[in-house]
Amino acid sequence: MAMNEPIEWSSDGSPHSLRFNDRYRSRAGGVAQALYVFLAGCGLPERWRNASAFTVLETGFGLGLNFLTTWAAWEIDEQRCNTLHFVSVEAYPVAAADIARSALAADPSGTADAPLLARVQALAQQLVNAWPDLSPGIHRLRFAEGRVQLTLAVGEVLPMLRHLDCAADAVYLDGFSPARNPDMWSHAALQAVARHCRAGTTLATYTVARGVRETLAQLGFRVEKRTGLAPKRHCLAAVFGSAAP
Ligand SMILES: C[S@@+](CC[C@H](N)C(=O)[O-])C[C@H]1O[C@@H](n2cnc3c(N)ncnc32)[C@H](O)[C@@H]1O
């Protein structure tokens, strides 16, 4: 059985990584960050409304809050697509108990929409109940009678991205900060992400680090800075295939 990654819970209830000495999510809270930076940055929920199936590729599953918030937003959207596939890469999976605790602490500012937050917390319980023994390799979990599929690729980002078979409609880049976690933002890793993209694939991340912006632009993304989720000034949104590679 694989060892679970330890989480340090700080006095304000937010999760930290001892390995990377960084926060798992924005000070504004995980649900707020997922909705604003990742979903809205990728044009969701609107973009899945014209599709029958929609695939999100994420780097860094962590505490699963981006997945849970995406699933909850999909679930409450009357115009949702038929199938949501969420594919995420994670080298250091956490324990199920930390996923449950994270969902309960997902809205420290108390600003999230109450029904959505309640859905996130209920879905977290489903994820906890299904949480597998995360040995290295590909794990597939099915929820909502198979309409929501989670593919967890447990292992180092680069080999797992190269191994995965996935056509992404949207990409969430959610490694720890590029300065502390460079492997998640390397040219090779972002190139491996781009190989899963097609014209119109949207991408979002909380960082606007110059190296990340430049690499994405070189790989064929049109990159735009958006207003950030406070206290961050900016975040990033990009579209694949609309810039000269
Ligand atoms: C900011 S956290 C992700 C938060 C997550 N998206 C959520 O919603 O809770 C970054 C994640 O990247 C993972 N990670 C860091 N370096 C990695 C690597 N080289 N390969 C794969 N995963 C990595 C960390 O273990 C951590 O879970």
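Accessible areas here come from the Shrake-Rupley method with a 1.4 Å probe, and for residues only the protein chains shown count as cover. On that basis the protein chain has an accessible surface of about 10800 Å², 50% of which belongs to carbon and sulfur atoms. The model is predicted: local features need pLDDT of at least 70, side-chain atom pairs count only at pLDDT 80 or more, and totals for chains, interfaces and linings use all residues. Residues are numbered from 1 along each chain as its sequence is written, and side-chain values use heavy atoms, with hydrogens and water left out.

**Whole chain**

Start with the C-alpha trace, which spans about 45 × 40 × 35 Å along its principal axes. The radius of gyration, taken over C-alpha atoms, is compared with a globule rule of 2.2 Å times the number of residues to the power 0.38. For 245 residues a compact globule would come near 18 Å, and the 16 Å of the protein chain agrees with that.

Colour by secondary structure next. Helices (H or I, at least four residues) and strands (E, at least two) are DSSP runs, numbered from the N terminus. The protein chain has seven helices and 11 strands.

Buried residues account for 55% of the 245. A contact means heavy atoms within 4.5 Å. Of the contacts between residues at least 6 apart in sequence, 72% join residues at least 24 apart.

For the charges, Lys and Arg count as positive and Asp and Glu as negative, while His and the chain ends are not counted. Each charge is placed at NZ of Lys, CZ of Arg, CG of Asp or CD of Glu. The mean positions of the 23 positive and 22 negative charges lie 6 Å apart.

**β1 to β3**

Select β1, β2 and β3. Two strands pair if DSSP finds at least two bridges between them. These three strands form an open sheet in the order β1-β2-β3, with antiparallel pairing. Its edge strands are β1 (7-9) and β3 (22-23), each of which pairs on one side only. Three bridges join β1 to β2 (residues 15-17); across this pair, E8 stands opposite H16.

**Two cis peptide bonds**

Most residues other than glycine have a negative phi, and most peptide bonds are trans. Go to P45, in the loop between α1 (30-39) and β4 (53-59). The bond from L44 to P45 is cis, with omega near 15°. Then move to P231, in the loop between β10 (221-227) and β11 (234-240). A230 and P231 are joined by a cis peptide bond too, with omega about 10°.

**L123 in α4**

Select L123, which is in helix α4 (residues 114-130). L123 counts as buried at 0% relative accessibility. Leaving out residues up to four places away in sequence, L123 touches L68, W71, A72 and E75.

**The β6-β7 hairpin**

Display β6 (residues 137-143) and β7 (residues 148-154), which pair in the antiparallel sense over seven bridges. L141 stands opposite L150 in β7. Four residues lie between the strands of this hairpin. In that loop, A144 has a positive phi near 50° and counts as partly exposed at 30% relative accessibility. E145, in the loop between β6 and β7 as well, has a positive phi near 55°. With a relative accessible area of 85%, E145 is exposed.

**β8 and its neighbours**

In a regular strand the side chains alternate between the two faces of the sheet. Select β8 (residues 170-173) and show side chains: A170 and Y172 on one side, and V171 and L173 on the other, are all buried. Which strands flank β8 through bridges? β4 runs parallel to β8 and is joined by four bridges, with Y172 as the bridge partner of E58. β9 (residues 202-205) is also parallel to β8, again over four bridges, and there T205 is the bridge partner of L173.

**Helix α6**

Finish at α6 (residues 187-194), where A189, L190, A192, V193 and A194 are buried. What do the buried residues of α6 pack against? Their partners are β4, α5 (157-163), β8, α7 (210-218), β10 and β11.

Definitions and conventions:
Buried means under 20% relative accessible area, exposed over 50%, partly exposed in between (1.4 Å probe, protein chains only).
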